[in-house]
Each structure stands twice: as structure tokens, then as C-alpha cells.
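Take a moment with the sequence and the fold before reading on. The paragraphs below begin with a single contact and then widen to the whole protein.

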Amino acid sequence: MKYQNTIFGKELRDRKGISTVIGSVFFIIIFTSIASYVIYSMNQIDQFGVAVIGKGQDNINRNNEAFEITSVTKDNNKFNVTIQNTGQLPVNITRLWIQNKTDPTWPTTKFTINQIVAPGQTLTKIGENLPLTAKSSQAYDISLVTERGNTKEFLVNSASQKPLYLQLFVLPDKIPTGFDTTILFAVTNNMSNNGILTNFAPNLSVITPVGATTTLVSGPEPSTYPILQKGDTAYFKWVYNISGNSGQGINFTASLQNGYLGNSVSRNATITQIQGLPIIKTIIGGGLNGTISSTSLNYLRFFGDSKPSATYNLKSMIIPINGTFKNLYVNKGTGTGTATLTLYKNAALSGITCTTGTSCSDKIHSLSVISGDTVAMALQFSNSTPNGDVAFTVEFDPT
């Protein structure tokens, strides 16, 4: 009996030892599992945090990436696109998408570029190595895409997407037979997609009644416009000599090649026979087309004579009747710097004047003259190499 108790007690002690070992094993397993999960969770949280920070930095970099398209030409039937990195980060142009807007059977195509331009640097000849033929008679919609996902879209030879804001000026629009008038065609890029217009050209149709004739003196200048940013305005200029009978009109209608159907603008010019000055209210004018000798005062001819002032010195006009000059309008179409036009009477300032780099008017001041007074329109440029075209009109009201 005693022996049996001894064995039973030993058995209980052995089982107790085994239970302790098993418990320790389970504890280690549970602790290891919990620790592994905690470490895994911390790693996941850390990776998530890194991903969030990286995504935020990517968004910042995307917003700070900046580049501009500065030139688009076609060399040997190949596109030559030039961009400038205007930001602080390198720009990687990865893709070019192009769609032919003239030929609907031509599919939208993606090309791989993978060219990098450093901050402040210029990248040229984008598109020259692509298996693509650029036809001058066709219009294209092109998009450049960067590695960060930014896009620049521009239209080549294409103003056909939507109507553009067009303006046409005839300066002067009332002229005597045998004199010149200047036609200015203004095109504003108001495309809603912020696209850039490139390489667009003007059309100008001239319709005259029976008996009237027009002769093209010069233009269009320029024949094409290379690049027009969103919101900017381009100008095209023609000079026509017009002959005919008094009262006959000439209609000028301007549009764009490959332009939106029906997007055009028209203005009329009227032939008037002026001998000296008429006894009814009229509009008279003149201008400059060329380069003058210096920034000193030069005097312009009246009645649409656009010859350079440096060559022709007789600019004054003797007034045969009493009257009033008023409502001066000036348009400066091309050239650098600003132009100041001032009406003089008997070699003295009249007060009728305005200064502009584009166009201006003086509808406030007036000048009374009597028969025998001499008037002249003076021109002064601001820059050291004055050039360009300037046209003016002024109203004369006999009394």
C-alpha cells in the first residue's frame, strides 16, 4: 500500500512537470504570435505613412512642375517642338499624343518620347525622330505628357475647333481715290481648352463694286503666325491702294485658313473725293509704314499717304475754311516701342495727342482753326530704332 502511494505521488509530480513545460510552450507560441502581429502592424503603419508622405510629395512635385511650348515648326515634313522648363524641377516628357483634325480616318496615335529637360533649360527637336509625316495642308491636335502626369495641348495649323475672337480694322475707312489704306486683322486665342495655336495663316477676300479697283501694296505681314498663347492676340497687316468713284465701297472679309466654318469678320472702306477740304464734316487720316531716322519729331502726311517721314518732308496742310479738329484715333500695328501722335497748328501744340504701343484715342480735346492756318500731325517713337506701321484718323468739322 505504501509502495502504491509512492508510485502515485511520483506520477502526480511527473504530470505537474509536464504541464509546466506545455504551458511554457503555449505561452511562447502566443507571445511570439502577438509580437509578430504587433511588428507586422507597425511595419504596415510605417509603410502606409511612407506611402502617404510619398504621395503628398508627388502631388507637390506635380503642381510645381512647369514648362512652356516656345516654338512649333515643321522641318522636312517633321514636327520640331521646342519646350522650356520654367519651373524648379526636371521635366521628363514621356509621351506625345497626336490627332489629325483634317483626315478623320487617321487614328489618334501615341508616341514614346522619354526626354528630360533640366530647370531653366530648353529642349528642342521633339518629334523629329518620330515615324510621322507632318503635312502643311493638314491640321493636328498634339499633347505632350510628362512623367508626373502634366499635359500641354496645342493645335498646329488648326483653328477649326471653335470660333475665335476676330477683329478687322480699316485705317482709314474713308479715303480719296488713288490712296492707300491699311487693313489690320486681329486674332485672339480664346480657346476654352487652354490650347496653344501654332502656324496659322490669314485669308482676306476683297469685294469691290463696278468701277472700283484695289491693288495690293503689301501683305499679309506676317504670312503665318508661329505660336499664340491662350489669351494673346496676333495681328496681320495688308496695305491696299484703292481707286474708284466717290461713294463706292470696298468690303474686306478676313478669316483663318483651316478655321472654324463661318468664323470671319468684315469691314468696309468708302471712296471719297477730297479736294482741299470739303465743306461737310469728314474723316481724314494718314500714317507711316517703314523706318524713320530717329526718335525726334517726324511729320506725317494726311489722306492715307503711308510713305516714310524721313524721305518726304512736306507734311503740313493749309486749311482753306474755318472748322474744328477733334476725335483723334491712332493704331500702331507692328514694331517696337510706343508712338506719340500730336496735332500741331501753326507749328504749336494743339492739345490733341495720344501715346500707344497698340491703339489709343483722344476724344476729349479739340482744335479750332481758321482759313489759312497750317496743321500737321507729328509722330515721335520712344525707342532708338523706330519702325513699324502707324495709322491715324482725325475728324474735321467745318463751321
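A polar contact is a pair of N or O atoms within 3.5 Å, where, within protein, one atom must be able to donate a hydrogen and the other to accept it, and where residues adjacent in sequence count only if both atoms are side-chain atoms. The model is predicted, with local features needing pLDDT of at least 70 and side-chain atom pairs pLDDT 80 or more, while totals for chains, interfaces and linings use all residues. Residues are numbered from 1 along each chain as its sequence is written, and side-chain values use heavy atoms, leaving out hydrogens and water.

Asn189 lies in the loop between β10 (179–188) and β11 (196–200), strands being DSSP runs of E with at least two residues and helices runs of H or I with at least four, numbered from the N terminus. The side chain of Asn189 reaches the backbone oxygen of Leu228 at 3.0 Å. Asn189 has a relative accessible area of 1% and is therefore buried (under 20%, with exposed over 50% and partly exposed in between, using a 1.4 Å probe and protein chains only).

Elsewhere, 4 strands form an open sheet of mixed pairing in the order β9-β17-β16-β12, two strands counting as paired if DSSP finds at least two bridges between them. Its edge strands, β9 (174–175) and β12 (202–207), each pair on one side only. β9 runs parallel to β17 (residues 264–271) over 2 bridges, and Lys174 has Thr270 in β17 as its bridge partner.

The protein as a whole has 1 helix and 26 strands, and 39% of its 399 residues count as buried.
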